[in-house]
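Student: Hi! Could we look through this one together, starting with its pockets and then its rings?
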Amino acid sequence: MRRLLCLLLVCHTSLACAQNEPVTQGEVRGTLLQTEKHFRAVLKMPPPKPSGKMLGDGEPTTRRFTIERFAALVETLRPKFKIRPRPLRFDEKRLAKLPDALRTKLIALVRGGFIAPLGPLATAKGESVTLKEYGDALGYLISRLAEVTHMPSTKFSPYLQPPD
């Protein structure tokens with residue numbers, strides 16, 4: 001336990017210095033591959049097919065790239081969804097101006113609760129994504145994926161209890 005706390009402290013202090021640096025496409029791919037790998041293991045899905053060489057690993061990521069990768073991960077895990085929560089209601093005018101195809105993906109992810117409706121990934125004006133913004137968006141995505149891929153107990157989940 002003590003080693004884990006020390007490791008977390010070292011990671012936190014090293015990441016705190018780099019929070020405003022842009023995330024690279026390789027880092028986004030790496031974290032999403034690890035996320036997908038763990039979800040596939042827990043959900044008993046076959047491992048993904050290996051892909052060839054990935055170009056642009058050192059390039060700073062864009063919001064477009066991140067949203068497309070998030071949408072691909074959600075679509076990959078969609079067959080294992082156990083529940084379908086109510087769609088989130090939000091003001092679409094607050095979302096960033098994006099091309100139509102990407103905006104449609106963003107709206108679907110926000111409506112499904114996979115991206116925060118007022119988070120930087122959905123509303124920021126710039127194209128680059130910082131480490132802090134990406135970490136926040138990834139945590140939000142993982143928590144929602146965990147929620148929709150596992151059936152909660154009906155005893156402790158009010159929206160799954162029958163009306164009395």
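This is a predicted model: local features need pLDDT of at least 70, side-chain atom pairs count only at pLDDT 80 or more; totals for chains, interfaces and linings use all residues.

Student: Got it. So how do the residues lining the second largest pocket divide up?
Tutor: That lining has 7 nonpolar, 1 polar and 5 charged residues.

Student: And which residues lie nearest its centre?
Tutor: Of the 13 lining residues, those are Arg78, Arg84, Pro85, Gly112 and Phe114. The space in this second largest pocket comes to about 240 Å³.

Student: Which helices supply at least two residues of that lining?
Tutor: Helix H4 (100-112) and helix H6 (131-148) each do. The largest share, 3 residues, comes from H4.

Student: Switching topic: how many aromatic pairs are there in the whole structure?
Tutor: The search finds 2. In one of them, Phe70 and Tyr134 are tilted, with 6.2 Å from centre to centre and 40° between the planes.

Student: Where in the chain do those two sit?
Tutor: Phe70 is in helix H3 (residues 63-77) and Tyr134 is in helix H6, so the pair links distant parts of the chain, 64 residues apart.

Student: Are they buried or exposed?
Tutor: Phe70 counts as buried because its relative accessibility is 0%. Tyr134 is buried too, at 5%; the cut-off for buried is under 20%.

Student: Last one: what sits over the ring of Phe65?
Tutor: The charged end of Arg69 does, 5.4 Å from the ring's centre.

Technical notes. Residues are numbered from 1 along each chain as its sequence is written. Side-chain values use heavy atoms; hydrogens and water are left out. On a 1 Å grid over the protein atoms alone, a cavity is a set of points where a 1.4 Å probe fits but cannot get out, and a pocket is an open set with protein on both sides within 12 Å along at least five of seven lines; lining residues have an atom within 4 Å of a point. Grid points are joined across faces, edges and corners, and a volume is the space filled by probe spheres set on the points. Helices (H or I, at least four residues) and strands (E, at least two) are DSSP runs, numbered from the N terminus. Ala, Val, Leu, Ile, Met, Phe, Trp, Tyr, Cys and Pro count as nonpolar, Asp, Glu, Lys and Arg as charged, and the others, Gly among them, as polar. Rings of Phe, Tyr and Trp (its six-membered ring) pair if their centres lie within 6.5 Å; planes under 30 degrees apart count as stacked, over 60 as edge-to-face and the rest as tilted. Buried means under 20% relative accessible area, exposed over 50%, partly exposed in between (1.4 Å probe, protein chains only). A charge sits over a ring if NZ of Lys or CZ of Arg is within 6 Å of the ring centre and within 35 degrees of the ring normal.
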